[in-house]
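Let's take a friendly walk through this structure, one residue at a time. Have the model open beside you as you read.

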Amino acid sequence: MELEKASARLAPRSPWQAVDLGTKLYRQWAAPVLWVWLAFTLVPFGLMLGWSLLAETLWPLFLFWWLKPLWERPVLAWYSHALFAETLTLKQLFQRWRQYALPGLASQLTWRRFSPARSFNTCVWQLEGAKGEQLSQRLRALNSYPSNRAGIMTIVVLHLEQFMAMGLMVLLYTLVPWQFSLEWSDWFYDQGALQMAIASATLYLVMCVTEPLYVACGFALYLNKRTWLEGWDLQLGLTRLGRHRATRTGATVLMLLALLLPLPEPVTAQPSPRNNEEQQQVIELLAGPDYMPFEERTERQWKDRDDDSDSWLEKFWKHFFDNLDDDEQQESSDSPFDIPDAVLWILFWGVFAGLAIWLLIKVMDQLGLGSRNRDNSPVIPTHVAGMDIRRQSLPKNLRDATEQALAANDIRLALSLMLRSALAELLRRYPVALAAGSTEQQCLRNLQAAHGEPLPILYLQRLIQAWISTAWAHRPVDAETVCTLLADWEQISAEEAANA
């Protein structure tokens with residue numbers, strides 16, 4: 001393995017940064033990797049799908065799914081060579097099939113089939129070719145703390161695969177012409193040959209995307225772990241430094257020879273060959289807790305907190321979070337309520353129970369099973385179209401306030417006072433449900449829909465038209481119109497009071 005030829009920068013990364021590197025590898029080589037996947041899986045999938053349709057059983061398709069570790073081997077082989085500037089052809093992949101496909105395959109298809117770290121461990125079996133005790137040591141060293149997150153990555157890709165497959169099937173069924181009058185339940189629950197073929201083909205198309213992506217991410221996690229343990233970034237840095245110094249040394253020698261100065265031949269130190277077992281022991285030693293100690297610690301600190309504050313609430317939360325961070329106090333305490341885990345579980349289940357009860361009450365109300373004595377009358381809003389219609393905000397004498405506004409030639413203010421007073425009075429007499437942020441027109445339409453068109457609502461319609469013309473269209477009505485509207489409102493109010 002010539003690290004200098006790597007087309008990606010080999011540097012220590014976090015596990016998720018390594019997964020991101022895997023996605024970039026997949027995006028860079030998506031087309032050739034897809035051809036590799038199709039070359040090795042299209043014919044087997046077609047044969048097993050035909051077998052399933054003829055025998056009316058899912059076992060052949062289950063067998064194809066079970067052999068996924070086998071189908072991933074050629075893709076990994078292509079990735080491992082392409083990263084180091086060697087592109088394998090399909091012919092070369094078929095010729096070398098036994099070399100990269102058989103190591104560790106038996107265990108991957110049996111007791112290790114459901115290993116969540118399959119994409120990571122496959123690199124050890126296939127690329128290193130370790131066996132027996134050496135393989136066990138390598139797996140322990142590469143899977144040592146800190147975790148490489150290969151299991152979580154497998155779960156994420158598994159869910160991605162299922163969601164993409166279901167989404168593609170739903171899209172396909174949605175595009176079926178309506179003239180066929182197909183029921184969704186028939187397509188999802190009927191086990192006919194057509195449904196089986198469509199579902200299987202859909203899953204295979206999704207696997208054409210997710211499987212190369214899964215292998216690339218596992219390969220990137222493997223490279224990242226070896227970079228951490230074996231210092232590949234240091235090796236590359238020292239190699240570049242050595243080449244730079246060798247170039248400068250060569251230039252200096254030529255200069256001195258040109259000046260006819262005697263110079264002894266430079267001696268270069270040759271690296272001594274290492275035994276594989278000794279190198280493995282060194283890697284395991286460096287991966288141990290003595291040389292690579294890792295510690296996880298969770299600390300909580302108050303932001304902008306006054307240490308001299310006497311607030312009982314701050315003291316309570318300080319005591320609570322200090323106990324959460326005090327591991328020794330957790331182990332030495334005998335009272336169950338002093339254990340932070342117990343406190344957190346109590347809070348969690350309390351919040352969960354509260355939410356469950358709240359949702360149950362809401363569902364019962366929607367189904368009409370809630371309390372029958374609840375007052376369902378609409379709540380009178382406090383603002384309509386941004387105007388405050390609360391009683392304390394309205395003038396005590398509407399005529400005096402309106403005449404003062406007209407005397408100041410402020411038509412807009414006069415209409416605003418009249419509209420606010422009319423809305424407050426009409427919504428009290430004719431309650432109606434209004435959405436937050438309703439406009440004047442929406443308020444009028446809701447009143448007409450709920451109560452028809454009595455005289456006060458017809459008056460409100462005239463008043464709103466004058467208000468819109470003045471406030472929004474910038475075509476103010478004259479003072480005589482305002483006085484007429486004011487007189488009509490006083491007459492309507494007097495009639496309503498007499499009828500009451």
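Predicted model: local features only at pLDDT ≥ 70, side-chain atom pairs only at ≥ 80, totals over all residues.

Residues are numbered from 1 along each chain as its sequence is written, and side-chain values use heavy atoms, leaving out hydrogens and water.

Is glutamine 126 buried or exposed? With a relative accessible area of 8%, glutamine 126 is buried (buried means under 20% relative accessible area, exposed over 50%, partly exposed in between, with a 1.4 Å probe and protein chains only). Leaving aside neighbours within four places in sequence, glutamine 126 is in contact (heavy atoms within 4.5 Å) with Arg73, Leu76, Ala77 and Tyr100. A polar atom of the glutamine 126 side chain lies 3.1 Å from the backbone oxygen of arginine 73.

Now look at the helix as a whole. Helix 8 is mostly covered, with nine of its 11 residues buried; among them are Phe120, Val124 and Trp125. The buried residues of helix 8 pack against several helices, including helix 4 (68-82) and helix 12 (193-230). After helix 8 comes glycine 129, with a positive phi near 65 degrees.

Finally, move to serine 416 in helix 19 (residues 411-429). Serine 416 is buried, at 14% relative accessible area.

Technical notes:
Helix = DSSP H or I, 4+ residues; strand = E, 2+ residues; numbered from the N terminus. Polar contact = N/O pair within 3.5 Å; in protein donor to acceptor, adjacent residues only side chain to side chain.
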